[in-house]
Amino acid sequence: MDSLHAIGFYVSAAVSVAGGLSVAFLAGRSRRGLGLAVVAIGVAGIYLSLSAGFAALVALVCYGSCALLLAGSAYRAVEPLAGSRWRQAGALGAAALMVLIAYAAYGADFASAKYFGGWFGSAALGRSLFAHDALATEAVAALILVALVGGTVAWRARERSR
Amino acid sequence: MARKGALQVSVGLVSVFFAAAALVGVGAFIATWRRELTHALAGIPLMFAGAGTAFAGVSRFAAAPAGGSQLLGQEVAALLSVAALAAVALGVGLAGRVGPR
């Protein structure tokens, strides 16, 4: 990876993390949506610098759509059931998770080795789902989508009849 | 022409994992810290983006020694982006049903 790609990666990572922090701390749904759009641009930049151009395009569209959804007029506030003490404990857990993952990334010894994980390994499953049985996977995805749409329509019809 | 002794900026798998960990951590922080549940939904795309970054990084750096294209990680990163959009759309839709207008 040359210096230009590396600088692009670090800038994109900083932009995405800064956008995430702005989503956490900014007030107002339009500002938070803007922060999430910044995250989308940053993540797309990360993918692009990792030579994943198509994934960058998909990430830009999907995370940008998430930003539009969270900033749009369909947004409704929902109050939680958990108390503030549980939320603070959860936030501390999130910080501990980040420290743990960062420590694992720093302390791990990455070796170049060829290891066949067996027929039930993640690589074999990925090859089976995305290469050998790609059409079947797409068919199952379409079936789940139709079932979800049907369930939503049935739910709305039942709500209207009440 | 590069100056002699200039610092060469490089990215390795560890740097990618650090960025991924930061994204997952910030996403988990948003999901747990915010009082409002719909606002907490914004943490899901960040966590998925972190996981996708790790997958894309492994794919990028695993492809180099083999000499071939290793597209599985990129596929999973794209899939995670779509899954994040679906989860947020479902959450916003459900919040629209139960939340105050």
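Chain B of this predicted model has a secondary structure of 4 helices and 0 strands. Read from the N terminus, its elements follow the order α-α-α-α. Of its 101 residues, 53% count as buried.

Chain A has 162 residues, of which 24% count as buried. Among its contacts between residues at least 6 apart in sequence, 53% join residues at least 24 apart.

Helix α1(A) has 23 residues and reaches 33 Å from its first C-alpha to its last, close to the 33 Å expected at 1.5 Å a residue. Its buried positions are Phe9(A), Ser12(A), Ala13(A), Ser16(A), Gly19(A), Gly20(A), Val23(A) and Ala24(A). Buried residues of α4(B) include Leu72(B), Gly73(B), Gln74(B), Glu75(B), Val76(B), Ala77(B) and Ala78(B). Further along α4(B), Leu80(B), Ser81(B), Ala84(B), Leu85(B) and Val88(B) are buried as well.

The two chains meet through 54 residues of chain A and 55 residues of chain B. On the chain A side, α1, α2, α3, α4 and α5 (122-132) each supply at least two residues. The largest share of that side, 12 residues, comes from α4(A). By residue class, the side of chain A that touches chain B divides into 42 nonpolar, 9 polar and 3 charged.

One helix pair across the two chains is α4(A) with α1(B), whose axes come within 8 Å and cross at roughly 175°. Because angles over 145 degrees count as roughly antiparallel, α4(A) is roughly antiparallel to α1(B). On α4(A), the contact is made by residues including Arg87(A), Gly90(A), Ala91(A), Leu97(A), Met98(A), Ile101(A) and Tyr106(A). Among their counterparts on α1(B) are Val14(B), Phe17(B), Phe18(B), Val24(B), Phe29(B), Thr32(B) and Trp33(B). The residues of this contact between α4(A) and α1(B) divide into 18 nonpolar, 4 polar and 1 charged.

A second pair joins α3(A) to α4(B), with axes that come within 9 Å and cross at roughly 10°. Because angles under 35 degrees count as roughly parallel, α3(A) is roughly parallel to α4(B). Helix α3(A) contributes residues including Phe54(A), Val58(A), Ala59(A), Cys62(A), Tyr63(A), Cys66(A) and Leu69(A). The contact of α3(A) with α4(B) holds 17 nonpolar and 3 polar residues, and no charged ones.

In soluble globular proteins, nonpolar side chains tend to be buried together. The largest nonpolar core here has 64 residues, and the members that touch the most others are Leu36(A), Tyr47(A), Ala59(A), Tyr63(A) and Cys66(A). Both chains take part: α1 (3-25), α2 (29-49), α3 (53-71) and α4 (84-107) of chain A and α1 (13-33), α2 (37-40), α3 (43-66) and α4 (72-98) of chain B each supply at least two residues of this core. Helix α1(B) gives the most, with 13 residues.

Leaving aside residues up to four places away in sequence, Tyr63(A) touches Leu36(A), Val39(A), Ala40(A) and Val43(A), together with Pro45(B), Ala49(B), Ser81(B) and Ala84(B).

Two serines complete the picture. Ser51(A) sits in the loop between α2 and α3 of chain A, and its phi is near 65°, a positive value in a residue other than glycine. Ser51(A) is partly exposed, with 17 other C-beta atoms within 10 Å. Ser15(B) lies in helix α1 of chain B and is partly exposed, with 17 other C-beta atoms within 10 Å. Ser15(B) and Gly57(B), 42 residues apart in sequence, are 9.2 Å apart in space, C-alpha to C-alpha.

Key:
Residues numbered from 1 in each chain as written. Chains lettered and ligands numbered in written order. Predicted model: local features only at pLDDT ≥ 70, side-chain atom pairs only at ≥ 80, totals over all residues. Core = buried A, V, L, I, M, F, W, Y, C linked by C-beta atoms within 7 Å. Buried ≥ 20, exposed ≤ 12 C-beta atoms within 10 Å, placed from the backbone. Contact = placed C-beta atoms within 7 Å. Axes fitted to C-alpha atoms, helices over the stretch in contact; angles between N-to-C directions. Parallel < 35°, antiparallel > 145°, perpendicular 65-115°, else oblique. Nonpolar A, V, L, I, M, F, W, Y, C, P; charged D, E, K, R; others polar. Expected span 1.5 Å × (residues − 1).
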